[in-house]
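Subject: The structure for you to look at

Hello,

Here is the structure I promised to pass on to you. Please open it beside this email and follow along as you read.

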Amino acid sequence: MADDYLVRIGKLIRDARQHRGWTQSQLAEALGTSQSAVNRIERGNQNISLEMIARIGEALDSEIVSLGYSGPMHLRVVGGRRLSGAIDVKTSKNACVALLCASLLNKGRTVLRRVARIEEVYRLLEVLGSIGVRARWINDGVDLEIVPPAEFDMAAIDAEAAVRTRSIIMFLGPLLHHMDRFKLPYAGGCDLGTRTIEPHMIALRRFGLEVAATEGQYHAVVDRSVRPARPIVLTERGDTVTENALLAAARHDGVTVIRNASSNYMVQDLCFFLEALGVKVEGVGTTTLTVHGVPVIDVDVDYSPSEDPVEAMSLLAAAVVTESELTVRRVPIEFLEIELAVLEEMGLDHDRTPEYVADNGRTRLVDLTVRPSKLEAPIDKIHPMPFPGLNIDNVPFFAAIAASAQGQTLIHDWVYDNRAIYLTDLNRLGGRLQLLDPHRVLVEGPTRWRAAEMMCPPALRPAVVVLLAMMAAEGTSVLRNVYVINRGYEDLAERLNSVGAQIETFRDI
């Protein structure tokens, strides 16, 4: 019995180590022991004390054994500190989740380089693992290898993980090629108000997919006789809608034309990945995509998703609100040109390097250096538009930036029902934001930020905006339950600390 417990504890430790992306040698170094000792522990061949289990859990930031309920993660922020140095932009969250879904198209081995190690990705990996996909971190946890099963076991799908991510909706496009009937749990994700899936259904019906939503599940039925006979016109120029249509068209034996398509960064990365799978896609970067489908995809593919423009905007905003000089490296400039044009008009002092090419061979990158600037409110309102307009996910960062500028700024977040409301959480930190209606906020600056303790907003970008304001506020702030930030950012606190922030993660005892 004791040996059985040791084996089970060893497996938990091994899984936690792999989840963090560490080798046995890295864990051994953190514990001050040998790699062979870690190997024996993970195989259940060594007695292990509660003290050692606690040390391992602390090293891996994972509760191997917990007493009672394991509480949520919080952040303690000592603000008023200037940032300095340089920080790299990580790969795109939204591209990585799209590529994980796209790997379901391929019968061969897929390797994705430098995948964002975020909760959204972990949830999708849990779902993929539950239906039989073998996914493992390789190259010291930097890259991800994905190998599909001969058949997907949809009856075993991890519903708990699925409902914590909206990305599960992008399983519809690939899975319709594999089976005539299947079920998926409802999509979850950020609390951004009512978000209908009807645009997805309108597009996918052209491939014979019909979906009924009952009892917390999507019940999908595929009619193989239905094929798109004319161009598919998307009723919404949405990113995930376009991606789902692309995933359905990729293995359709014929040519599919998709009109009113999003040309945003994650869609372009998906198109580049599909081309690596042997699918020809014309019109990348435009609103009309022509897809030459391949009925069977069985290739070993190695692909590097590009950097995340929204994370780049987050880091630029961090420099602005803390009045810092900071270099942000590997910025996908073509997806931030409008934002930078607006910031230039507001008076931002910055410069950029010549362009260079991302690891995917296609996306254009620069390094940006931001310096403390005397900002003036923009004359025109801040509002998002589909690419190449100002990115929808970058709008919230302008709330913190506008609060640092002289004058009044009108922010019109027309896309989401609730997100503008969450921006008024900045008032708890000394901001002067007036909610005009569920979509419009009037921001008065400049702001003398003050420390506060508050709950994290349930939407990703507003949550990060609150964190940035805390970094600018003199004193110590606490941001509670930051799971939503971990959904979209890898080690954000630790990386900000590397350029001068003081942010501590902690849990309730």
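Predicted model: local features only at pLDDT ≥ 70, side-chain atom pairs only at ≥ 80, totals over all residues.

Residues are numbered from 1 along each chain as its sequence is written, and side-chain values use heavy atoms, with hydrogens and water left out.

Let's begin with helix α2, residues 24-31. Helices (H or I, at least four residues) and strands (E, at least two) are DSSP runs, numbered from the N terminus. Which residues of α2 are buried? They are Gln24, Leu27, Ala28 and Leu31. They lie on the same side of α2 because they cover an arc of only 100 degrees around the axis; the arc is that of the directions from the helix axis to the C-beta atoms. Buried means under 20% relative accessible area, exposed over 50%, and partly exposed in between (1.4 Å probe, protein chains only). Just after α2 comes Gly32, with a positive phi of about 75 degrees.

Next, please find helix α16 (residues 460-472) and helix α12 (residues 309-321), whose axes come within 9 Å and cross at roughly 25 degrees. The crossing angle makes α12 roughly parallel to α16. Axes here are lines fitted to C-alpha atoms, for helices over the stretch in contact, and angles run from 0 to 180 degrees between N-to-C directions. Angles under 35 degrees count as roughly parallel, over 145 as roughly antiparallel, 65 to 115 as roughly perpendicular and the rest as oblique.

On the α12 side, Val310, Ser314, Ala317, Ala318 and Val321 meet Arg461, Val464, Leu468, Met471 and Ala472 of α16. Contact means heavy atoms within 4.5 Å. By class, the α12 contact with α16 has eight nonpolar, one polar and one charged residues. Ala, Val, Leu, Ile, Met, Phe, Trp, Tyr, Cys and Pro count as nonpolar, Asp, Glu, Lys and Arg as charged, and the others, Gly among them, as polar.

Helix α14 (residues 395-403) also pairs with α16: their axes come within 8 Å and cross at roughly 20 degrees. That angle makes α14 roughly parallel to α16. Pro396, Phe397 and Ala400 of α14 meet Arg461, Pro462, Val464, Val465 and Leu468 of α16. This contact of α14 with α16 has seven nonpolar, no polar and one charged residues.

Now for some backbone details. Most residues other than glycine have a negative phi, and most peptide bonds are trans. Glu323 is not a glycine, yet has a positive phi of about 55 degrees; Glu323 sits in the loop between α12 and β14 (326-332). Asn481, also not a glycine, has a positive phi of about 60 degrees, and lies in the loop between β22 (475-480) and α17 (483-488).

Where are the cis peptide bonds to look at? One runs from Phe387 to Pro388, with omega near 15 degrees, and Pro388 lies in the loop between β17 (364-371) and α14. Another joins Gly445 and Pro446, with omega of about 0 degrees.

Happy exploring!
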